[in-house]
Amino acid sequence: EASGSTARPTVVGHSMGGVILVDMLTNPGASQLPADLSVDALLTVGSQPGFFATLDLLAPNPPDGSPRRRPDCVKNWLNVFDPIDPLAFRTDMIFKDAEDFAFNAMTGIAEAHSKYFQRPQFYARSRKRLRELKVL
């Protein structure tokens with residue numbers, strides 16, 4: 001505990017790590033995660049959960065005929081993508097309650113996928129959004 005505040009669980013997944021996190025958090029029991037798991041913020045970066053969901057390769061979470069939703073144990077899902085990153089996909093058109101944020105890594109297509117965490121602006125914008133959500 002720092003400055004009288006309580007730490008809030010936030011998980012971050014880049015690329016396939018984001019897909020794995022979404023899949024695990026969608027079905028925590030099958031992933032051997034605690035049944036009462038609660039995540040204040042899921043941050044997927046340069047990731048493909050929207051793509052994998054359209055192919056029905058993720059754990060199912062909607063009742064039949066309903067749109068997909070963010071995992072039940074996740075309060076806020078922020079998905080960051082660079083529009084020129086060929087391995088980054090939007091989520092908000094596939095998952096209800098996921099928020100997409102475009103981020104320009106200021107690089108070319110060949111390096112876009114690996115530059116998010118090398119740009120100070122990525123951290124500043126992520127911190128700002130997490131503060132707005134009262135996660136930080």
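Accessible areas here come from the Shrake-Rupley method with a 1.4 Å probe, and for residues only the protein chains shown count as cover. On that basis, the protein exposes about 7700 Å², and carbon and sulfur atoms supply 55% of that area.

Before we go on, a word on where this comes from. What you see is a predicted model, so local features need pLDDT of at least 70, side-chain atom pairs count only at pLDDT 80 or more, and totals for chains, interfaces and linings use all residues. Residues are numbered from 1 along each chain as its sequence is written, and side-chain values use heavy atoms, with hydrogens and water left out.

Now the fold. There are 3 helices and 6 strands, where helices (H or I, at least four residues) and strands (E, at least two) are DSSP runs numbered from the N terminus. Read from that end, the order is β-α-β-α-β-β-β-β-α. The radius of gyration, taken over C-alpha atoms, is 15 Å, close to the 14 Å that the globule rule (2.2 Å times the number of residues to the power 0.38) gives for 136 residues, so the protein is as compact as a globular protein of that length.

Let's look at helix H1, residues 16–26. Gly 18, Val 19, Leu 21, Val 22, Leu 25 and Thr 26 are buried there, meaning under 20% relative accessible area with a 1.4 Å probe, protein chains only. They cover an arc of only 160 degrees around the axis, judged by directions from the helix axis to the C-beta atoms, which puts them on the same side of H1. And what do they pack against? Strands E1 (10–14), E2 (41–45), E4 (77–81) and E5 (95–96), plus helix H2 (49–54), with contact meaning heavy atoms within 4.5 Å.

How values were computed. Buried means under 20% relative accessible area, exposed over 50%, partly exposed in between (1.4 Å probe, protein chains only).
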